[in-house]
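Subject: Structure handover and findings

Hello,

Here is the structure for you to look at. My notes follow below it.

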Amino acid sequence: MIFKHKSVNLEEVGKLKVLSSQEIKDSPISIGFECLDRQMFDPDRCYEPLGKTGVKWARCQTGWCRCEQQKGVYTFEWLDSIVDNLLAQGVKPWFNVGYGNKLYMNDVYSDAAVGFVPLYYGEETLQAWKNYIRALSEHFKGRIEYFEIWNESNISNFWQPRKADPAEYARFIKITADEIRSVIPDARIGGCVATHSTWVRSGFVLKLFRTGIARELNFFSIHAYCQQPELNYPKFVASLRRIMDENGGRHVELWQGEAGFASWFPPVHQMEPYVFESEHNQAIWMLRRYFLDISLGMKKSSFFQMADMMGTYKMADVTKKNPARHGILDGVNYQPKLSYKTMQHLAVFFDDKTQPAELYCAANLHEALPRYERHSRLIDIAIQTYTYERNGYPFFAYSLSEDVQYGFEGIAPLMLAGEKNPALKPIEKPVLVDMLSGKIYRVKDWNVEAFDELYFFNGLPLTDYPLVICDEKALISCEFK
């Protein structure tokens, strides 16, 4: 265990104290409540556990097919139950609006008409979609503020029966947004795309924003599935932000709206895993996802998802009989996984008072891997640092961006340098927070640089998930021994 390495100079002194969603005012942290239009897990077994995580938001799919099973007759009771139970736990639902409806479409692949777009089935179908959206908006007015229109519009799994088309997606957003805002004038409207695992700049997004669609949008979400969250991601986000800003979208918030890492993968999966079952890998991927997203200014970051999908899962043109298990609750017995506990630590750390901060922070492995010896220095470059501020105190976080499957065992000692900014409160009793276990350690070997510009924290471990250095008074909620 790297925390017990002889060169690590830490003393365990406490642990993070978990808070409920009711106790946390707000945060950017969201959880996936997707696929309930297809009844892929039991939400009734999730509400109470979710309320104990501290998570403040939940992404819900509205399911036209389940809401309108007889032409012109809308059944919202199932969605009412989800929305009201989430709100009762202190969790704010936001809607992803879709998909098709076999009452109006005669060639859909699944009963839920996943991915089949109302634009392509004649005027009756498009009018039926408008009627449904207006009825949905009227029914949930006062309870739902955010409406994300369609899911992953740029890939064939969710855009049928024609090829993905940014101009057509823009037209569809406008049609749908007009219906929502006719009922809820101040509704917050969003768009959504899947993003490539290697983070290639997206021509689809560029062409979408060149249509002028930004004037209809309040937020735009990407789905950041990948093996290594950090790989090319900051440049990708910066490029996306620039595309939005240059095309009338400076006001549009950027969200990471759906991404996850499974605790179990089937033998054939798009992410090409070589470790098929690991709750540990899922949990550390989650930590890295949130630290990265929030450091880059994402206004929401949503993890897929609350509970494992255990049944047959159909998209627009493919069936998955044994889908990967992305839930923070086990889909068989609804018991918490390690990622559930990790989510609790994240929720208490990233409340509304914790914000990204531009502070200097750098790691040094010279003692562990001396320069006068022959070592690969790639590990130095792979160390990520993140800086935040809360209630006037600085927070310094760091991790190694290794593939979570690799099983990095840690290395020590590491020295971390952090800016001693005179605009912030000084660190007087530094502690290290292990975001995976929730344990808090006193940093015993530390000093301030001679010119009073830098803190030096010595004798630290390096792991492949974020560890946080801050003053003990800056901790949001904790219990000391």
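Which residues do ring pairs link into a cluster? They are Trp 64, Tyr 99, Tyr 104, Tyr 120, Trp 129, Tyr 132, Trp 150, Phe 158, Trp 159, Tyr 169 and Phe 172. Rings of Phe, Tyr and Trp (its six-membered ring) pair if their centres lie within 6.5 Å; planes under 30 degrees apart are stacked, over 60 edge-to-face, and the rest tilted.

Ground rules before the rest. This is a predicted model, in which local features need pLDDT of at least 70 and side-chain atom pairs count only at pLDDT 80 or more, while totals for chains, interfaces and linings use all residues. Residues are numbered from 1 along each chain as its sequence is written, and side-chain values use heavy atoms, with hydrogens and water left out.

Aromatic pairs

The structure holds 44 aromatic pairs. One of them joins Trp 129 and Tyr 132, and it is tilted: 5.8 Å centre to centre, with 55° between the planes. Both residues sit in helix α4 (residues 122-140), three residues apart, or about one turn of the helix. Helices (H or I, at least four residues) and strands (E, at least two) are DSSP runs, numbered from the N terminus. Tyr 132 is buried at 0% relative accessibility. Trp 129 is also at 0% and counts as buried. Buried means under 20% relative accessible area, exposed over 50%, and partly exposed in between (1.4 Å probe, protein chains only).

Trp 129 also pairs with Trp 150. Their ring centres are 5.9 Å apart and their planes are at 70°, so this pair is edge-to-face. It links distant parts of the chain: Trp 129 is in helix α4, Trp 150 is in the loop between β5 and α5, and 21 residues separate them. Trp 150 is buried, as is Trp 129.

Charges over rings

Two cases to look at. Lys 300 lies over the face of Trp 57, at 4.2 Å from the ring centre. Arg 325 lies over the face of Trp 264, at 4.6 Å from the ring centre. The rule: NZ of Lys or CZ of Arg within 6 Å of the ring centre and within 35 degrees of the ring normal.

Nonpolar cores

A nonpolar core is a set of buried Ala, Val, Leu, Ile, Met, Phe, Trp, Tyr and Cys residues joined through side-chain atoms within 4.5 Å. The largest has 170 residues, of which Phe 33, Phe 220 and Phe 291 touch the most other members. Helix α8 (residues 279-295) supplies the largest share of this core, nine residues. Leaving out residues up to four places away in sequence, Phe 291 touches Leu 346, Phe 349, Phe 350, Tyr 386, Tyr 388, Ala 397, Met 435, Pro 466 and Val 468. Contact means heavy atoms within 4.5 Å. Another core, of five residues, lies apart from the largest one; among its members are Trp 57, Trp 94, Tyr 146 and Phe 219.

Single residues

Ser 153 is in the loop between β5 (146-149) and α5 (166-183). It is buried, at 0% relative accessible area. Its side chain reaches the backbone oxygen of Cys 192 at 3.1 Å. Beyond four places in sequence, Ser 153 touches residues including Trp 159, Tyr 169 and Phe 204.

Gly 190 is in strand β6 (residues 188-194). It counts as buried, at 0% relative accessibility. Sequence neighbours within four places aside, Gly 190 contacts Phe 147, Glu 148, Ile 149, Leu 217 and Phe 219.

Gln 405 lies in the loop between β15 (393-400) and β16 (411-419). It is buried, with a relative accessible area of 7%. Its side chain makes a polar contact with the side chain of Gln 227 (3.5 Å). Such a contact is a pair of N or O atoms within 3.5 Å; within protein, one must be able to donate a hydrogen and the other to accept it, and residues adjacent in sequence count only if both atoms are side-chain atoms.

Cysteines

How many disulfides are there? The count is zero, taking a disulfide as a pair of cysteine sulfur atoms within 2.5 Å. The sulfur of Cys 65 is 7.8 Å from the closest cysteine sulfur, in Cys 67, which is too far for a bond. Cys 226 is in no disulfide either; the nearest cysteine sulfur, in Cys 192, is 16 Å away. Cys 226 is buried, at 4% relative accessibility.

Best regards
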